[in-house]
Amino acid sequence: MSETMQAVICHGPEDYRLEDVPVPVPGPGEALVRVEAVGICASDLKCYHGAAKFWGDENRPAWAETEVIPGHEFVGEIVLIDDEGAARWGVQVGDRVVSEQIVPCWKCRYCVRGQYHMCKPHDLYGFKRRTPGAMAKYMVYPVEALVYKISKELPPAHAAFAEPLSCSLHAVERAGITFDDVVVVAGCGPIGLGMVAGARAKNPAHVIALDLAPEKLELAKDCGADIVINIRDEDAKKIVMDLTDGYGADVYLEGTGHPSAVPQGLNLLRKLGTYVEYGVFGSDVTVDWSIISDDKELDVRGAHLGPHCWPAAIRMLESGVLPMDKICSHQLPLTEFQKGLELVAAGTESVKVSLIPS
């Protein structure tokens, strides 16, 4: 094994560079993993462009750190692990593994209550110096990480999709979907498609997908949507109201991160409906909060990461039920990370873009 490797390094907003860095050395109980694939997330793009959520503003401090290797959705093969780590995770050298995107402290109030995805220090791979990410040939899974085996029969990019899929499934769980519900999913990107698949697995009355791109709406059908609406050409509110005798949808899952999708959802929901927000926004959103309170008494819930949903996401991927060849549309070498970011930013040519370290 070489002592150095190529890695993408974040030096700040719009300053990501491909550099030669030392191969990380695992400590006691940790695992050294050869990265097979790493997906580029919309949050990676927003971090790259300097969104306040990551770099702070007058209302909040910076959360992301510089001199960090990005990448929080990944899969790899264990190349080095000691007996302690092997016993803890039930893995061995040669296993293909994924790790949840958050590395919990296991000591704060949230962690000890089982709410580890809200861990107070909140160290996610690819954003913090303590937890370098996967845009490199090798990475380390720390002692505190949550690690799962995943089938070697899956193409690498498909296996790395366990991370966004777990996030989608958590949003679906937050919605509390029942058999009679009409569920609307906003956005047919990677998160939205996972929401469609997760909602369909709950077997509600209808799963409706919204998007602007006809090809992504067709993909939503493959994931389980029985109704798709192109919001550029069709009146989504009229269609939903006609379908529900004028009441509105029971559940709205927002997966776009676009400000316009928020009032859209509030207006599509029935009284006492449920709104679940998963999107990561690059700018502030303004809505009439009286819709939430006085008009409809809505149940508005946030969703963050994919706690307790990784085994289900892995089972779904391994089952072959999802059209993963269509979802994982682009795989690029690590050297073309800038092109990958541009593809995600454009949003028209790709669905899920992944980098494949050599």
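# Helices, cores and a pocket in a predicted model

Not counting residues up to four places away in sequence, Val112 touches Trp106 and Lys107, where contact means heavy atoms within 4.5 Å. The structure is a predicted model, in which local features need pLDDT of at least 70 and side-chain atom pairs count only at pLDDT 80 or more, while totals for chains, interfaces and linings use all residues. Residues are numbered from 1 along each chain as its sequence is written, and side-chain values use heavy atoms, with hydrogens and water left out.

Val112 belongs to helix H4, residues 109-112. Helices (H or I, at least four residues) and strands (E, at least two) are DSSP runs numbered from the N terminus. With a relative accessibility of 58%, Val112 counts as exposed; the classes are buried under 20% relative accessible area, exposed over 50% and partly exposed in between, for a 1.4 Å probe and protein chains only.

Helix H8 spans residues 214-223, and its buried residues are Lys216, Leu217, Leu219, Ala220 and Cys223. Viewed down the axis of H8, these buried residues fall within an arc of 155°, so they line one face of the helix; the arc is taken over the directions from the helix axis to the C-beta atoms. The cover over the buried residues of H8 includes helix H7 (190-201), strand S11 (206-211), strand S12 (227-230) and helix H13 (324-327).

In helix H12 (residues 310-319), the buried residues are Trp310, Ala313, Ile314, Met316 and Leu317. They lie within an arc of 160° as seen down the axis of H12, so they line one face of that helix. The face turned away from this buried side carries the exposed residues Arg315 and Ser319. Covering the buried residues of H12 are elements that include strand S5 (96-99), strand S9 (147-149), helix H5 (156-160), H6, H7 and H13.

## Nonpolar cores

A nonpolar core is a set of buried Ala, Val, Leu, Ile, Met, Phe, Trp, Tyr and Cys residues joined through side-chain atoms within 4.5 Å. The largest one has 108 residues, and those with the most contacts inside it are Tyr141, Ile150, Leu253 and Leu317. Helix H6 (residues 162-175) gives the most to this core, namely seven residues. Apart from its neighbours within four places in sequence, Ile150 is in contact with Val75, Arg96, Val97, Val98, Ala159, Ala162, Ile314, Leu317 and Glu318. A second, separate core of 20 residues includes Ala186, Ala261, Phe281 and Leu298.

## The second largest pocket

On a 1 Å grid over the protein atoms alone, a pocket is an open set of points where a 1.4 Å probe fits, with protein on both sides within 12 Å along at least five of seven lines, and lining residues have an atom within 4 Å of a point. About 290 Å³ of space lies in the second largest pocket, a volume being the space filled by probe spheres set on the points, which are joined across faces, edges and corners. It is lined by 19 residues, of which Met5, Pro24, Ile69, Pro132 and Val140 are the closest to its centre. Strand S2 (16-22) and strand S8 (138-141) each supply at least two residues of this lining, and S8 provides the largest share, three residues.

By class, the lining of this pocket has 13 nonpolar, one polar and five charged residues. Here Ala, Val, Leu, Ile, Met, Phe, Trp, Tyr, Cys and Pro count as nonpolar, Asp, Glu, Lys and Arg as charged, and the others, Gly among them, as polar.

## Positive phi values

Most residues other than glycine have a negative phi.

| Residue | Phi |
|---|---|
| Glu14 | near 55° |
| Gly224 | about 125° |
| Glu297 | about 45° |
| Gly320 | near 80° |

Glu14 is placed in the loop between strand S1 (4-10) and S2. Glu297 lies in the loop between helix H11 (291-295) and strand S15 (299-302) and, at 58% relative accessibility, counts as exposed.

Ala205 sits in the loop between H7 and S11 and is partly exposed, with a relative accessible area of 38%. Not counting residues up to four places away in sequence, Ala205 touches Phe179, Asp180, Asp181 and Asp226. The C-alpha atoms of Ala205 and Ser358 are separated by 46 Å, the two being 153 residues apart along the chain.

Leu355, in strand S17 (residues 353-356), is buried, with a relative accessible area of 0%. Leaving aside neighbours within four places in sequence, the contacts of Leu355 are Ala37, Val38, Ile40, Met135, Leu332, Pro333, Leu334, Glu336 and Phe337. Leu355 and Asp235 are 120 residues apart in sequence and 37 Å apart in space, C-alpha to C-alpha.
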